[in-house]
Amino acid sequence: MEFNHLTKQLNQLLAQDYVAFSITENPVVQMLSQASFAQIAYVMQQYSIFPKELVGFTELARRKALGAGWNGVAQELQENIDEEMGSTTGGISHYTLLADGLEEGLGVAVKNTMPSVATSKLLRTVLSLFDRQVDYVLGATYAIEATSIPELTLIVKLVEWLHEGAIPKDLQYFFSKHLDEWEIEHEAGLRTSVAAYIQPEEFGEFAAGFRAMIDAMQVWWQELAQEAISSEVVLSTAIAQHH
């Protein structure tokens with residue numbers, strides 16, 4: 001089996017079996033008709049923590065690739081890190097673009113959000129996945145790239161709901177660049193660079209890492225929805241002024 005065939009299969013698995021990445025079946029989207037502004041803003045605050053941690057995870061994967069002699073993969077990941085840190089956005093990191101856009105547009109403090117129980121669990125799980133061998137780690141890394149477009153499409157839907165349809169200009173730029181350009185390039189670049197090194201006997205570990213990552217993200221979305229519904233959601237005082 002070719003590596004491209006494997007990644008195609010994994011992407012099909014993602015689309016078929018994982019409701020977290022479905023624009024209609026995602027558990028937070030499912031609660032929109034009964035949700036309050038504060039509940040969905042809470043989800044956005046928690047979601048923003050993952051992009052914040054992404055550079056650190058990518059750096060772990062880069063070191064793993066370098067250690068295994070997969071230099072082309074390490075180079076590709078370095079370019080992704082540079083881009084995340086602002087190499088094409090005037091030195092402003094992608095996380096800052098997102099957090100500023102959410103804070104200004106929603107009147108919700110985002111940057112100092114502490115991880116909830118669900119988010120802390122996700123971050124711990126991801127760290128443990130990135131502590132495995134290179135083929136497994138790159139499967140997990142590829143899962144982050146493969147899920148980014150469906151996940152950002154969901155985030156756009158949640159932001160539109162919060163804004164009653166109109167997305168602030170800064171966020172519009174952030175989403176359009178990611179959806180139309182950056183994420184497409186990252187997925188293709190990582191897939192192509194890994195294909196040059198990975199051996200057929202390593203496909204199983206790559207697929208296992210991929211599945212472990214999407215399993216963790218699926219659980220996170222389910223638990224975020226539960227947290228938003230069940231907890232007494234406390235947001236910044238700016239909300240009261242806004243809404």
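Predicted model: local features only at pLDDT ≥ 70, side-chain atom pairs only at ≥ 80, totals over all residues.
Leaving out residues up to four places away in sequence, S116 touches Y42, Q46, L224 and E227. Two of these partners, L224 and E227, also belong to the helix 9 side of a contact between helix 6 and helix 9.

Helix 6 comprises residues 117-129 and helix 9 comprises residues 203-230. The two helices pack with their axes 9 Å apart, at an angle of about 170°. Helix 6 is therefore roughly antiparallel to helix 9, since angles over 145 degrees are placed in that class. On the helix 6 side, the contact is formed by V117, A118, T119, K121, L122, T125, V126 and L129. Helix 9 contributes A212, M213, A216, M217, V219, W220, E223, L224 and E227. By residue type, the contact divides into 12 nonpolar, 2 polar and 3 charged residues.

Apart from neighbours within four places in sequence, F50 is in contact with F57, L122, L123, V126, I144, M217 and W220. Of these, L122 and V126 are part of the helix 6 side of the helix 6 and helix 9 contact, while M217 and W220 are part of the helix 9 side. F50 is also a member of the largest nonpolar core, which has 80 residues. Together with F130 and L158, F50 is among the residues with the most contacts inside that core. The greatest contribution to the core comes from helix 7 (residues 134-162), which supplies 16 residues. In soluble globular proteins, nonpolar side chains tend to be buried together.

Helix 5 spans residues 94-106 and thus has 13 residues. The distance from its first C-alpha to its last is 18 Å, close to the 18 Å expected at 1.5 Å a residue. Buried positions in helix 5 are H94, Y95, L97, L98, A99, G101, L102, G105 and L106. Just after this helix, G107 adopts a positive phi of about 70°.

Within helix 5, L102 counts as buried because its relative accessible area is 0%. With residues up to four places away in sequence set aside, L102 touches M44, S48, G107, V108, V110, V159 and L171. G107, one of these partners, is the residue with the positive phi just after helix 5.

N80 is located in helix 4 (residues 71-84). Its relative accessible area is 5%, so N80 is buried. The residues touched by N80, not counting those up to four places away in sequence, are E145 and H186. N80 and F175 are 95 residues apart along the chain, and their C-alpha atoms are separated by 17 Å.

A195 counts as partly exposed because its relative accessibility is 36%. A188, at 27% relative accessibility, likewise counts as partly exposed. Both values fall in the range between buried, under 20%, and exposed, over 50%. Although A195 and V73 are 122 residues apart along the chain, their C-alpha atoms are separated by 9.3 Å. For A188 and E201, a sequence separation of 13 residues corresponds to 22 Å from C-alpha to C-alpha.

Terms used:
Residues numbered from 1 in each chain as written. Heavy atoms only, no water. Axes fitted to C-alpha atoms, helices over the stretch in contact; angles between N-to-C directions. Helix = DSSP H or I, 4+ residues; strand = E, 2+ residues; numbered from the N terminus. Parallel < 35°, antiparallel > 145°, perpendicular 65-115°, else oblique. Contact = heavy atoms within 4.5 Å. Nonpolar A, V, L, I, M, F, W, Y, C, P; charged D, E, K, R; others polar. Core = buried A, V, L, I, M, F, W, Y, C linked by side-chain atoms within 4.5 Å. Buried < 20%, exposed > 50% of the residue type's maximum accessible area, 1.4 Å probe, protein only. Expected span 1.5 Å × (residues − 1).
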